[in-house]
Amino acid sequence: MSVVYVIELQDDSLYVGRTNLTREQRILNHMNGHKSARIVKKLGVKRQRDDLIPESWLKDLDYEMSHLGEKVVAHLLREDGYVVHGGH
């Protein structure tokens, strides 16, 4: 199972991703530079933003749905005016 996660970066932009880990463990990995996206390494993690993930995408998802969820969440956040990295 996979989950979608959102990280607020130090410049107030967002990074959207998905992981088979817990959201907390994946964000800790980003903070420690372990398998971290280049943009996250460059800008730095400010905080986890589960409050920006629509409720329907907060649950555990299979691989295909998490891939779709990552794209949908990133798209919705961009529509709301956020600068979003990731979400591929």
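This report walks through the fold, cores, ring pair and salt bridges of a predicted model.

## Overall fold

Let's start with the layout. The chain has three helices and four strands, and reading along the sequence gives the pattern β-β-α-α-β-α-β. Its radius of gyration is 12 Å, close to the 12 Å that the globule rule gives for 88 residues, so the chain is as compact as a globular protein of that length. Along the principal axes, the C-alpha atoms fill a box of roughly 30 × 30 × 20 Å.

Buried residues make up 43% of the 88 residues. Of the contacts with a separation of 6 or more, 55% are between residues 24 or more positions apart. The chain exposes about 5200 Å², and carbon and sulfur atoms supply 50% of that area.

In soluble globular proteins, nonpolar side chains tend to be buried together. Here, the largest nonpolar core has 12 residues, including Val4, Val6, Leu52, Ile53, Trp57 and Leu61. Strand 1, strand 2 and helix 3 (63-79) each supply at least two residues of this core, and the largest share, three residues, comes from helix 3.

Val84 is also one of the members, and a handy one to click on. Leaving out residues up to four places away in sequence, Val84 touches Leu14, Val16, Ala74, Leu77 and Arg78. There's also a second, separate core of eight residues, with Tyr15, Ile27, Ala37 and Val45 among them.

## The aromatic pair

Searching the whole structure turns up one aromatic pair. The rings of Tyr5 and Tyr15 have their centres 6.3 Å apart and their planes at 40°, so the pair is tilted. That angle sits between the cut-offs, under 30 degrees for stacked and over 60 for edge-to-face.

Tyr5 lies in strand 1 (residues 3-9) and Tyr15 in strand 2 (residues 14-19), so the pair ties together parts that are 10 residues apart in sequence.

## Salt bridges across the fold

Seven salt bridges come out of the search of the whole structure. In one of them, the side chains of Lys46 and Glu8 meet at 3.6 Å, N to O. Lys46 is in strand 3 (residues 45-48) and Glu8 in strand 1, so this pair ties together parts that are 38 residues apart in sequence. Lys46 is partly exposed at 40% relative accessible area, whereas Glu8 counts as buried at 7%.

Another bridge joins Arg18 to Glu70, with the closest N and O atoms 2.9 Å apart. Arg18 lies in strand 2 and Glu70 in helix 3, so here the parts tied together are 52 residues apart in sequence. Arg18 is partly exposed, with a relative accessible area of 23%, and Glu70 is buried at 7%.

Asp51 is exposed, with a relative accessible area of 56%, but Arg49 counts as buried at 11%.

Notes: Residues are numbered from 1 along each chain as its sequence is written. This is a predicted model: local features need pLDDT of at least 70, side-chain atom pairs count only at pLDDT 80 or more; totals for chains, interfaces and linings use all residues. Side-chain values use heavy atoms; hydrogens and water are left out. Rings of Phe, Tyr and Trp (its six-membered ring) pair if their centres lie within 6.5 Å; planes under 30 degrees apart count as stacked, over 60 as edge-to-face and the rest as tilted. A nonpolar core is a set of buried Ala, Val, Leu, Ile, Met, Phe, Trp, Tyr and Cys residues joined through side-chain atoms within 4.5 Å. Buried means under 20% relative accessible area, exposed over 50%, partly exposed in between (1.4 Å probe, protein chains only). Contact means heavy atoms within 4.5 Å. The radius of gyration is taken over C-alpha atoms; the globule rule is 2.2 Å times the number of residues to the power 0.38. Accessible areas come from the Shrake-Rupley method with a 1.4 Å probe; for residues, only the protein chains shown count as cover. A salt bridge is a side-chain nitrogen of Lys or Arg within 4 Å of a carboxyl oxygen of Asp or Glu.
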